[in-house]
Amino acid sequence: MIRKCTDKDLKQLTTMKASSDGQNKYLNNTLKNGETKFEDCYVFEKEGKIEARAIIEDNYISLLTIGDLNLEEATKFIEAISKSGKMETVIYQDKTNFELIKNSLNNNNYKIFSSRERYEIYTIPEVEPKLIFRDLTQVNEEIMIQMFEDIQTGHLDISAVKESGLEYFNELKEMEFDPRLWFVAYQNDEPVGLIVLQKFIEGALVINNIGIIPKYRGQRLSEQLLYQAFVAAKENDLNKIIAEIDDQNFPMRDLLKRNGFVLENKLYFFEN
């Protein structure tokens, strides 16, 4: 039976074996604090047990999890939660029952429109960046927003290209904001690039935007931006850095691998 959730489902919803502990914990917290509403959650109940769940908000499917269902059942679940029209979702390659989820999405005319790679490093090297870095307590927001705007030209990560620098600035600020981890890089007192670091994943520093403005590219300055991430991680007593990039961003992939990052996962973005 496919139905909406109630508060009586809380325990089953947040202890699904087919979900990661992190997602279960996140859902438990957001349901309890009201950030996620039970009426936005859909489940497939089979013999009294919840075997699939999905949160639907603003035509986006989040926390999609499918357990012990066959392809026909999984396809029916995706069909039921997709009736509001245009929908999007993202699935990690290491997700339990990844192939089942992918096939059930395909059966409902979902297609992959983008894919990304997730790289991580666990041993932070000792480095000394050659550029000067000033964080957002030392520069005004207008400079940072202009840098967001400038680095978009020719950027190889689709997610970093927005209608305006202000739009992207505000989008990242809503996710998690520590002005001491948003840096503008300077060379000869001229701003040449930026790197935005965030701590929305427990125990890790996430590189959420990185780039050099076009006229300074080709000088391997991106490596200096990465070095600043290493310095910030050590200053914050963090031993893990995460970077997600478009799978066609070959220069950034090479940069990450050259500096000790390893591929940990792939993400696939679907839309119908």
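Contact here means heavy atoms within 4.5 Å. The model is a predicted one, in which local features need pLDDT of at least 70 and side-chain atom pairs count only at pLDDT 80 or more, while totals for chains, interfaces and linings use all residues. Residues are numbered from 1 along each chain as its sequence is written, and side-chain values use heavy atoms, with hydrogens and water left out.

**Stop 1: helix α6**

Select residues 165-175, which form helix α6. Helices (H or I, at least four residues) and strands (E, at least two) are DSSP runs, numbered from the N terminus. Gly-165, Tyr-168, Phe-169 and Leu-172 of this helix are buried (buried is under 20% relative accessible area, exposed over 50%, partly exposed in between; 1.4 Å probe, protein chains only). Look down the axis of α6: the buried residues fall within an arc of 100°, so they line one face of the helix. The arc is that of the directions from the helix axis to the C-beta atoms.

**Stop 2: α5 against α6**

Keep α6 and α5 on screen. The two helices pack at an angle of about 110°, with axes 7 Å apart. Axes are lines fitted to C-alpha atoms, for helices over the stretch in contact, and angles run from 0 to 180 degrees between N-to-C directions. α5 and α6 are therefore roughly perpendicular to each other (65 to 115 degrees; under 35 is roughly parallel, over 145 roughly antiparallel and the rest oblique). To see the contact, show Glu-141, Met-144, Ile-145, Phe-148 and Glu-149 of α5 with Gly-165, Leu-166, Tyr-168, Phe-169, Leu-172 and Lys-173 of α6.

**Stop 3: salt bridges**

A salt bridge is a side-chain nitrogen of Lys or Arg within 4 Å of a carboxyl oxygen of Asp or Glu. By this rule there are 17 salt bridges.

Begin with Lys-76 and Glu-72, whose side chains meet at 3.6 Å, N to O. Both residues lie in helix α3 (residues 71-81), four residues apart, about one turn of the helix. Lys-76 is partly exposed at 45% relative accessible area, and Glu-72 is exposed at 54%.

Next, select Asp-246 and Arg-116, a salt bridge with its closest N and O atoms 2.5 Å apart. This pair links distant parts of the chain, with Asp-246 in strand β11 (residues 241-246) and Arg-116 in strand β6 (residues 111-121), 130 residues apart. Both Asp-246 and Arg-116 are buried.

Then go to Lys-240 and Glu-120, where the closest N and O atoms of the salt bridge are 3.6 Å apart. Lys-240 sits in the loop between α7 (221-235) and β11, and Glu-120 in strand β6, 120 residues away. Lys-240 is partly exposed at 22%, whereas Glu-120 is buried at 5%.

**Stop 4: Thr-30**

Select Thr-30 in helix α2 (residues 21-33). Thr-30 is buried, at 3% relative accessibility. Neighbours within four places in sequence aside, Thr-30 is in contact with Glu-35 and Thr-36.

**Stop 5: two loop residues**

Most residues other than glycine have a negative phi. Asp-58, in the loop between β3 (49-57) and β4 (60-66), has a positive phi near 55°. Asp-58 is exposed at 78%. Finish at Asp-189, in the loop between β8 and β9. Phi of Asp-189 is also positive, near 65°, and the residue is exposed at 54%.
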